[in-house]
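User: I would like to learn how to read a model like this one, feature by feature. Please start with the ligand site.

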Amino acid sequence: MFESQRRHFLLPRDVAYLDAAAITPMAAPVRQAAESALAVADRPWAPRAVDKAGLLLCLRAQAAALIGARPEDIAVVSAVSYAMASAAANLPLQRGTRVLLLADDHPSACLVWERRARACGATVDRVPAPLDGDWTAAVLERLAQPGAAPVGVAVLPPLHWTDGTTLDLPVVAAAVRAQGAALVVDATQAAGIVDLDVDEIRPDFLAFPAYKWLLGPYGLAFVYAAPQHQQGEPLEQHMNNRVQPALRLAGTPGDYSFIPGAQRFDRGERDNLQTLAMASAALELLGGWTPGALRAHLRGLTDQVADGVAGLPLDVAPRPFRAPHIIGLRPPAAAFESTVAGLAHMNVFVSPRRGVIRVAPHAYNDAEDVARLLAGLRELLG
Ligand SMILES: Cc1ncc(COP(=O)(O)O)c(C=O)c1O
């Protein structure tokens with residue numbers, strides 16, 4: 001049994017914020033971490049009591065734990081788009097092959113691959129959205145399409161960001177590997193909530209940001225690089241991922257070889273104390289909750305949404321294809337924008353995504369938030 005964690009957040013009772021898939025509000029411990037970090041920034045001349053290296057090590061371990069990885073397999077970057085650019089710069093793509101994407105997948109996952117495909121003489125193949133919500137079958141069918149070019153790289157999420165419809169990633173990953181293709185995973189809408197295990201999925205790269213389900217700050221993301229890619233070429237050249245930063249050696253040349261592991265893909269100005277401390281505090285809070293209990297809580301809320309909209313003109317994917325924490329409601333096209341705007345007017349916050357009203361509760365939500373959403377939908381569409 002999981003109790004709503006609303007007390008950690010500055011959420012007024014009359015606000016039903018159901019939009020964790022966009023961005024999450026700041027929990028009190030995360031705010032405290034930010035304030036402590038700012039106090040350090042206020043006094044740059046004072047002796048630094050902060051163990052930045054320790055904090056970074058801890059953060060890598062916290063992020064790695066979400067996906068069954070080792071801390072040294074994790075790079076600290078600025079955004080999922082950055083992670084995707086690193087992956088695109090390091091995976092071979094042969095002329096005449098296909099890059100497999102999902103229809104309407106997120107631009108941060110797709111744009112760099114569209115560009116790369118053009119540059120390499122490969123094509124982009126978007127798996128059309130399945131009418132029955134079964135992305136796994138749709139991707140497997142597309143992978144095996146007779147006469148199609150071989151897949152060079154598949155860029156896939158564990159669930160679709162617009163409506164939470166799921167892919168069975170281990171199953172799809174095995175089929176991708178069987179073609180000899182690389183697999184890049186955008187785990188933005190899954191890490192922290194859904195069980196992900198890189199030993200099972202075996203992605204080449206896998207990325208997720210801090211500011212959604214992890215309850216962390218904007219401007220920070222993590223990328224897992226499989227061990228076979230850890231000799232790759234980072235996007236930027238800086239000294240924070242080198243064995244002996246030259247500046248510390250006062251006049252002697254530094255050892256500019258990379259620290260072993262995925263750390264070579266770390267971004268420049270990685271050591272932003274505020275974001276690192278906030279992310280670590282957020283992951284500590286998240287880590288204190290039993291993952292299965294949180295998932296069951298969120299599943300209960302999205303089921304409450306699904307049951308509550310029965311009889312309204314809203315299409316919902318079948319339960320077996322729905323993630324526990326995101327549910328998409330598709331209204332008639334003419335009512336789409338006015339419904340989302342009407343809900344906001346009633347202090348019910350959800351996201352409009354490609355014709356779908358995306359409802360995404362997190363640990364701070366409860367049945368009363370969902371009741372407010374349902375009352376609003378009945379008023380607007382009933
Ligand atoms: C599926 C998915 N990927 C990536 C992102 C964010 O990417 P970035 O960190 O590049 O802004 C989002 C944000 O909504 C998303 O939903």
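User: Which residues are around the ligand?

Analyst: A residue is counted as near a molecule if one of its heavy atoms lies within 4 Å of it. Here the residues around the ligand are A79, V80, S81, H106, S108, W161, D186, T188, Q189, Y211 and K212. This is a predicted model, in which local features need pLDDT of at least 70 and side-chain atom pairs count only at pLDDT 80 or more, while totals for chains, interfaces and linings use all residues. Residues are numbered from 1 along each chain as its sequence is written, and side-chain values use heavy atoms, with hydrogens and water left out.

User: How many residues of the shell are nonpolar, polar and charged?

Analyst: Ala, Val, Leu, Ile, Met, Phe, Trp, Tyr, Cys and Pro count as nonpolar, Asp, Glu, Lys and Arg as charged, and the others, Gly among them, as polar. By that scheme the shell has 4 nonpolar, 5 polar and 2 charged residues.

User: Which polar atoms lie at what distance from the ligand?

Analyst: A polar contact is a pair of N or O atoms within 3.5 Å; within protein, one must be able to donate a hydrogen and the other to accept it, and residues adjacent in sequence count only if both atoms are side-chain atoms. A polar backbone atom of S81 is 2.9 Å from an oxygen atom of the ligand. Polar side-chain atoms supply two further pairs: K212 lies 2.7 Å from a ligand oxygen, and T188 lies 3.2 Å from a ligand nitrogen. The ligand taken alone exposes 400 Å², of which the protein buries 89%; such areas come from the Shrake-Rupley method with a 1.4 Å probe, and for residues only the protein chains shown count as cover.

User: Now the nonpolar core. Which residues touch the most other members?

Analyst: A nonpolar core is a set of buried Ala, Val, Leu, Ile, Met, Phe, Trp, Tyr and Cys residues joined through side-chain atoms within 4.5 Å. Buried means under 20% relative accessible area, exposed over 50%, and partly exposed in between (1.4 Å probe, protein chains only). In the largest core, of 99 residues, L156 and F222 touch the most other members. Helix α8 (residues 273-287) gives the largest share of this core, 10 residues. Helices (H or I, at least four residues) and strands (E, at least two) are DSSP runs, numbered from the N terminus. A second, separate core has 29 residues, including V80, M84, A207 and V223.

User: What does L276 touch, and is it buried or exposed?

Analyst: Contact means heavy atoms within 4.5 Å. L276 lies in helix α8 and is buried, because its relative accessibility is 0%. Beyond four places in sequence, L276 contacts L55, L56, L59, V76, L220, R270 and D271. L276 and A37 are 239 residues apart in sequence, with their C-alpha atoms 9.3 Å apart.

User: Where does Q263 lie?

Analyst: Q263 is in the loop between β10 (255-258) and α8. Apart from neighbours within four places, Q263 contacts R60, E72, I74, N240, N241 and R270.

User: Which backbone angle of R354 deserves a look?

Analyst: Phi of R354 is positive, about 50 degrees, although R354 is not a glycine. R354 sits in the loop between β13 (351-353) and β14 (356-359), and is partly exposed, at 42% relative accessible area.
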